[in-house]
Amino acid sequence: MNPLLNQPFSTPYQTPPFSAFETKDFKPAFLRAIKNARLEIKNIAENQAEPTFENTIEALALSGEALSRISSIFFNLNSAETNDEIQQIAQEISPILSDFSNDVLLNEQLFARVKKVFEEKESLSLNNEAQMLLEKSYKNFKKNGALLSSENKEKLRTISKELAMLSLQFGQNLLAETNDYQLHITNKSDLEGLPDFALETAKEEAESRNLSGWVFTLQMPSYLSFLKFARNRKLREQIYRANGVKAFQNNDKNNTEIIKKIVQLRFQRAKLLGFETHADFVLDERMAKSKEKVNDFLAELLKKAYPLAKKEIENLADFAKGIDGIEDLMPWDHAFYVEKLKKQRFDLSDEELKPYFELNQVTEGAFTIAQKLYGISFVPNNKIEVYHPDVKVFEVKNKAQECIGIFYADFFPRVGKRAGAWMTSFRDGSFVNNLHKIPQISIVCNFTKPTKNEPSLLTFDEVTTLFHEFGHALHALLAKTQYESLAGTNVYWDFVELPSQFMENFCYEPEALALFAKHYQTKEMIPIELVDKITASAQFMEAYQTVRQISFGKLDMAWHATDPSSIDDVDVYENQAFEATQVYPKISGTNMSTSFAHIFQGGYSSGYYSYKWAEVLDADAFELFKENGIFDTETAQKFHRLLSAGGTVDPMKLYIEFRGKEPDINALLKRAGILAQ
């Protein structure tokens, strides 16, 4: 029997048995699971009994479990441990999955039953979670074409299938372009300024490619280290441009036509479904509700942050000119001189901090903070299988030492892993019919690998990245919901970043840093002077970073909040979108959109603004912790309630229950130093 179909898996906590299956098992497993799921849907739709919540809504929510598991395993591997064979299967199976999804959502007989239960909801004695499941189920059908004519349903099917394929191709092109580049250096003088950890990593990268000298890549630890420390300005420009032309070159990996097709198809789908634009379609199920509110939100932030951001870059330009005679500060100079200015202003540098942020210690620190806040512990379990030797696994236990979740940590870059950092799940938690299925959650990052002489030492930015993704993981691990579809991070996209960004706050708190910031050699605690400098530097260049995030949000809305039919040149259109946020000159030949995976490959289309939106929430939320004590038990219990509710309660209601009021945008502006305290 196909091991992927042998479910539930006979493994600890029913975790994926990675060693039991081969890549070739996936496609037949998908096809069989889809066939079985179709039968389940048929039985629900053709049930002769009167539609009820249990035999229709709940039955639908519980259907296709095996297919869901196979999909989560496969697409997680496609992101974190892919190869040509996996990518080929993804190309073949994605349109089949799209067809299946459309067959469910456009099934008139099934929708008639869902609609009947929805229309009778006032007479049903449903708890809050069941009511939310009913409402979301009905809206999901409606938003995906259940009310369309037969002709338009077929149009929607075609659009959905093509979008699935285009998004997949976008990601494959981007990964290939990232992997194809190397900056090979053989002249040691070209390495001036680079610290030992970067040199050792580059040396090992060269050796792995059977080359002499040093190799730097577009993987973030390598790329950012070079931009931040290399004195050779021409080489900084070279690697910067290489990163800026990913999927924008004159070859078969160019994403420009794919982008135009994606935004056009998204727009056509929105119009079919009765929305003015794709943004209107997406924001109908968001806290922000409308593109006007998103644009107003971004405009308000920009108005307050832009003047200070311009001043920050002017000061940086003066600094660069003063120490190196730089007449025209360029984007490839930014990280280099920011690092030097931070060193001068705060006597603080990443090179100085890294010895105190050894990866295992930082991870343990995150675990300890979670224990202090929520009473949970993380216990290594080497018996649970992993998909790559780098991955570590932990059982997550509550105060009663009951296992409430499984946590995977995958921290290092490799050829088969896409860039960036993300949290994902192999299974969300649920508790239906007295059967508790614990969540199986993973965070995937691209930190500097250990070398022969040093462990993995993190930059401070990498520390905050780890805490950010760990915040997402906690949201999923602490879920206490009946249904998977409402568990953990299955919330509005402009709410999903609150738990992650909330956790970043602890990286700046002396009481939290004392738990894990220890020198990896001497084991000495980070000196209080360094902690004070970290806290003092928290607002450093923050207005620039705010404008940078706003620019990405505005670019996203430019692609999705209008009719894209007249867009001809992707680069020209992008430049227009960036114009109001530009603080550096545009670099000819580079393009952001062709590598903007968040909106063209991930789930953030018309949603990138949510990072700043959630920052307002997290800044306002953490103010309460600062007032009461960052590990205050009562405050933490209230926040735990917010996390555990998942998508069962309207997010603004959840937030007000926690905070006692709606969030205040000034909390973010004060924290960033954009408004006076």
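Ring pairs join Phe 18, Phe 21, Phe 26, Phe 30, Phe 74, Phe 75, Tyr 387, Tyr 408 and Phe 426 into a cluster; rings of Phe, Tyr and Trp (its six-membered ring) pair if their centres lie within 6.5 Å. The model is predicted, so local features need pLDDT of at least 70 and side-chain atom pairs count only at pLDDT 80 or more, while totals for chains, interfaces and linings use all residues. Residues are numbered from 1 along each chain as its sequence is written, and side-chain values use heavy atoms, with hydrogens and water left out.

By the ring rule, the count comes to 55 aromatic pairs. Among them, Trp 559 and Tyr 573 form a tilted pair, with 4.9 Å centre to centre and 50° between the planes; planes under 30 degrees apart count as stacked, over 60 as edge-to-face and the rest as tilted. Trp 559 belongs to helix H21 (residues 542-560) and Tyr 573 to helix H22 (residues 570-578), so the pair ties together parts 14 residues apart in sequence. Helices (H or I, at least four residues) and strands (E, at least two) are DSSP runs, numbered from the N terminus. Trp 559 counts as buried at 1% relative accessibility, and Tyr 573 is also buried, at 17%; buried means under 20% relative accessible area, exposed over 50% and partly exposed in between (1.4 Å probe, protein chains only).

Charged groups also lie over rings. The charged end of Lys 203 is placed over the ring of Trp 214, 4.9 Å from its centre, and Lys 372 lies over the face of Phe 631, 5.4 Å from the ring centre. The criterion is NZ of Lys or CZ of Arg within 6 Å of the ring centre and within 35 degrees of the ring normal.
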